[in-house]
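Hi,

Here is the model I promised to send over.

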Amino acid sequence: MIGTLLWGACLGMGLWAIAVWLVPPKPTLQEVLATLAATSAPSPQRSPVWRAKYRIAGVVGSFGFPTTGLRADLNVVGGDVERHLVSKALCSLTGAGLGSLVGLALVVSGTGSPWLISVATIAGVAVIGFLLPDFRVREAARRRRSAFRHALGAYLNLVRILLAGGAGVDSALSDGAGVGTGWAFHQLRQALVTAEVTRSTPWEAFERLGDDLDLSQLSDLAAAVGLAGTDGAKIRSSLAAKAAALRARELTDSEGEARAATERMSLPIVLLMLGFLLFIGYPALISVLNGL
């Protein structure tokens, strides 16, 4: 009898638990208000890796990094400041570790250098590793700014055509930004959407974007558009002149890069020629020296 009652009680509790799981009861108003009052903003998962990353970024940032120019470069490439600071610290530690391993190998082999030279070498390699992420970010930002200037020249031509067709300044700016694709046009569209949401003028949004990306051409465009929007100045000729200036600058930069690439190619050719002359002249030189 007792066993049967216990089995029946367990079966009833199981069925009740399944029913509650399938159809949970609605919470009362007091419980909902208490939950809303106790719930705070979700905090990130602070794992040991996250805490180490945060501390390393704080230590590197205490030395004044990143600078204003480097922060603008990170905005251009879409990089994270904390991740960049951590990469600087890791590259520096990696360089110091490699320098220490090389010095230790020289000491073990019996050809070790004095400790002062070893310390200077390790410090130099660590500094190079510390600055290496900055060089990569600056190079990537330079390429992206060049692409942005190219897209901005096309955007100015589109806006000029729309203005010639009778469109207003605001509609020409928004329609011209909606035609193109790519990162540059996405930034322009995002700036116009931000201006619409914050109820500010498009030229103010362009000026903020130019400051964030460190693009003087975008700030000049904001000044020209603002003059047309406030004072009714003629903007078509100004936009045409700015587009021509951008194309001329891009052409000049392309020619400069081509000349730099040609000069870089001359060094391997010179080294190859020296090696060829050494390969030909070494047997003759040895024969002359042996005959003396």
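Below is what turned up, starting with the overall picture and moving on to single residues.

Before anything else: this is a predicted model, so local features need pLDDT of at least 70 and side-chain atom pairs count only at pLDDT 80 or more, while totals for chains, interfaces and linings use all residues. Numbering starts from 1 along each chain as its sequence is written, and side-chain values use heavy atoms, with hydrogens and water left out.

The protein chain has eleven helices and zero strands (helices are DSSP runs of H or I with at least four residues, strands are E runs of at least two, and numbering goes from the N terminus). Of its 292 residues, 23% count as buried; buried means under 20% relative accessible area, exposed means over 50%, and partly exposed is in between, with a 1.4 Å probe and protein chains only. The chain exposes about 20000 Å², and carbon and sulfur atoms supply 68% of that (areas by the Shrake-Rupley method with a 1.4 Å probe; for residues, only the protein chains shown count as cover). Contacts, meaning heavy atoms within 4.5 Å, come out like this: of those with a separation of 6 or more, 64% are between residues 24 or more positions apart.

Now the salt bridges (a side-chain nitrogen of Lys or Arg within 4 Å of a carboxyl oxygen of Asp or Glu). A search of the whole structure finds four. One of them pairs lysine 88 with aspartate 134, with the closest N and O atoms 2.7 Å apart. That pair links distant parts of the chain, since lysine 88 is in helix α5 and aspartate 134 is in helix α6 (residues 115–164), 46 residues apart. Lysine 88 is buried at 0% relative accessibility, and aspartate 134 is buried at 4%.

Aspartate 134 also turns up around histidine 84: leaving aside neighbours within four places in sequence, histidine 84 is in contact with Leu70, Leu74, Pro133, Asp134 and Val137. Histidine 84 lies in helix α5 (residues 81–109) and is buried, at 6%. Leu70 and Leu74 are among the buried residues of helix α4 (residues 68–77). Just after α4, glycine 78 takes a positive phi of about 75°.

Shared partners join Glu139, Arg142 and Arg143 into one network. Glutamate 139 is partly exposed at 34%, as is arginine 142 at 38%.

Two surface patches are worth a look (residues with over 30% relative accessible area and no salt bridge; like charges joined within 9 Å, nonpolar side chains Val, Leu, Ile, Met, Phe, Trp and Tyr within 5 Å). The nonpolar one, about 960 Å², is made by Leu267, Val270, Leu271, Met273, Leu274, Phe276, Leu277, Phe279 and Ile280. Isoleucine 280 lies in helix α11 (residues 236–291). Aspartate 214, in the loop between α9 and α10 (216–231), has a positive phi near 60°.

Cheers
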